[in-house]
Amino acid sequence: MQYHHDGYIGRDPRIRTAQGTGIDRTAELPETMDVLIVGAGPAGIVQAAQLTEYPDVHTRIIERRPDRLVAGRADGLFPRSCETFQAFEFYEEIAHEAAHMREMSFWGPKPGDPTQIARGARADDPPAYVSEFPILTVNQARVIDYFARRAENGPARININYGFEFLDLTVHEEGEYPVEVKLLDEHGQPRTVRAKYVVGCDGARSKVRDCIDVQVHTDPADQAWAVMDILANTDFPDFRTRSGIASGKDGSILLIPREGGFLTRFYVSLDAPTPENRERVRATTAEQAIERANRILSPYTVDVKEVTWFSIYEVRHSVAQSFDDVAAQKNPALNPHVFIAGDACHTHSAKAGQGMNVSIQDGWNLAWKLGQVLEGRSDESLLQTYNDERQDVAQKLIDYDKEWSAMMSRSPEEMSGPHEIVDFFTSTANFPGGFDTKYPTSSLIGSSARQELAQNFPLGMRFKSAEVSRVCDTTTVQLGHHFRADGRWRLYAFADESGQTVTELADWLENSADSPVKQFTPAGTDIDSVFDAKVIYQQGYHDVDLGSVPRLFMPKVGHRQVIDWEKVYAAIPHNDIFEARKIDRAGALVIVRPDMYVAHVLPLTARAEITEFFAQNMVRAKVANFS
């Protein structure tokens, strides 16, 4: 991480200087605020962690629980979530305490003796092509803790107000704070507060969703599972490997090793719920679930020493038909003021392990847009893109989960062999990995007319990292790992062979009154406060003369106006990013949004196209003067 640019720091650099609403912030929930987030689960807390980067935006987050979550709930974290943790600067810490998945094993009835199980196949988990990041498992409570620390230690000093229960809201047509919200406070007393925007991250039974009349498409429950985190001894050989286990007649288990080296999660299938047996299924005890697990595992046994968390849930596939109050009214002439995210938008089975992962991306997608609008960088219409982008993702999640669940539930007689499920698992791994999301052309995603300039940075998809050399210190780094969730746009300038064209582009971006850097960067701020421009040269780092690098890529920043040396990179000869990402040797400009999605690909000679793109989604600032 980078720090000291505002002067020497002798304390933990993760605790940043309070600014804006973070100065003299009171713990009590005020009467008015810019953003009220209802629910401090993954979808809500990531918004607080992002909005802390917008200290002039007054953000509050409330949670019905009296204190932090301790145990249970989601645990699987796929590579896109790991990328997100990297952007929020806590990946290394959470990865150190998490369990790492490297392989998944698939077990089924033993040939010749279906009363016992046998390993049928194994597959890399995730396949190597998906990402440089692994799959992790760690308690959802710890994920929330890390995001909460980021929110509280950031400039806006956002913390969680526990013990507040949401009751109702009304959206008024006029007023600075049009959303009136009724609550019960931590003492059970009624409160009324007002906000410019409200985000409902209050779960599958969302009251916020009900208040804005969002329709939910729900399939009848056709599966029920007992879920338990256990400490146990066993002779099952894959106890510390993620495993799908299907017996001949007693059901199935999804086994997930957990953090700490000893904890394991079991999802144990129960009888399909019907009106006649639903109450009996819901009354299943931990002891009964353990007994069933032992029947499924035969000839192996599991001796449970402690059940640290236990729950029964019925699987329903549901997806909200709109993600904000305006989309629910089908009135595109208005701009939304109330949103929903996470489980309030989509619920599904645990087999794909997507709940927490997709919820985090819901929250991140919305939060930076709220920040942009409330800080005056973008018009309010930008907020319509949240529903347009994330509702489609939710529907695709449900479709994938149904297909994966059906595949996991098929009997051996219905398959051509163990390879069939492995082939499906491997060929579709980008989806659960979080990398199949592709946002459509919009004010935030440009035309694909020049996609051929950087073929493997597809428009609308997340910016896929690759190794480069950082020129200043010759260190090999992942280019994408220098991305920070700080609300800035990224301009990745992949240089032409001579470097002349990229130099001309940099000069235009820095000095021309027509450039987006000049038009959309507020006066009196650093040149990279809105646009973080980086250059990647084709030659090796020894051949890059830092004295000739344009000032845009080595700007003076912070209170002390010291040079940032870490924006200049070079290709690695034996692992060339230009080849890996199929970047034209004449160079290319890859524009990346604040949530790490590729927004545009343009030639280095583009001028009007660059400015026109940003004019679609940003508000002109007073022309900046960079000394």
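## Close-up views of a predicted model

View 1. Contact means heavy atoms within 4.5 Å. Axes are lines fitted to C-alpha atoms, for helices over the stretch in contact, and angles run from 0 to 180 degrees between N-to-C directions. Helices (H or I, at least four residues) and strands (E, at least two) are DSSP runs, numbered from the N terminus. This is a predicted model: local features need pLDDT of at least 70, side-chain atom pairs count only at pLDDT 80 or more, and totals for chains, interfaces and linings use all residues. Residues are numbered from 1 along each chain as its sequence is written, and side-chain values use heavy atoms, with hydrogens and water left out.

**View 2. Seven strands form an open, mixed sheet.** The order of the 7 strands is β22-β21-β27-β24-β23-β28-β29. Two strands pair if DSSP finds at least two bridges between them. β22 (475–478) and β29 (598–602) are the edge strands, each pairing on one side only. On average, neighbouring strands are turned by 30° against each other, direction ignored.

View 3. Strand β28 (residues 588–592) pairs with β29 over 4 bridges, in the antiparallel sense. Here I591 stands opposite H600 of β29. Strand β21 (residues 467–470) pairs with β22 in the antiparallel sense, also over 4 bridges. E467 has Q478 in β22 as its bridge partner. β21 and β22 form a hairpin with 4 residues between them. In the turn, T474 has a positive phi of about 60°.

**View 4. The largest nonpolar core.** This core has 164 residues. A nonpolar core is a set of buried Ala, Val, Leu, Ile, Met, Phe, Trp, Tyr and Cys residues joined through side-chain atoms within 4.5 Å. Buried means under 20% relative accessible area (1.4 Å probe, protein chains only). Among the residues with the most contacts inside the core are F147, W489 and F494. F494 touches residues including F457, L479, I536 and F578, not counting residues up to four places away in sequence. A second, separate core of 23 residues includes A224, A226, A289 and V304.

**View 5. Helix α9 is largely enclosed.** Of the 20 residues of α9, 19 are buried, so the rest of the structure largely encloses this helix. α9 reaches 29 Å from its first C-alpha to its last, close to the expected 28 Å. The expected span is 1.5 Å times one less than the number of residues. G376 follows α9 and has a positive phi, near 80°.

Technical notes:
Buried means under 20% relative accessible area, exposed over 50%, partly exposed in between (1.4 Å probe, protein chains only).
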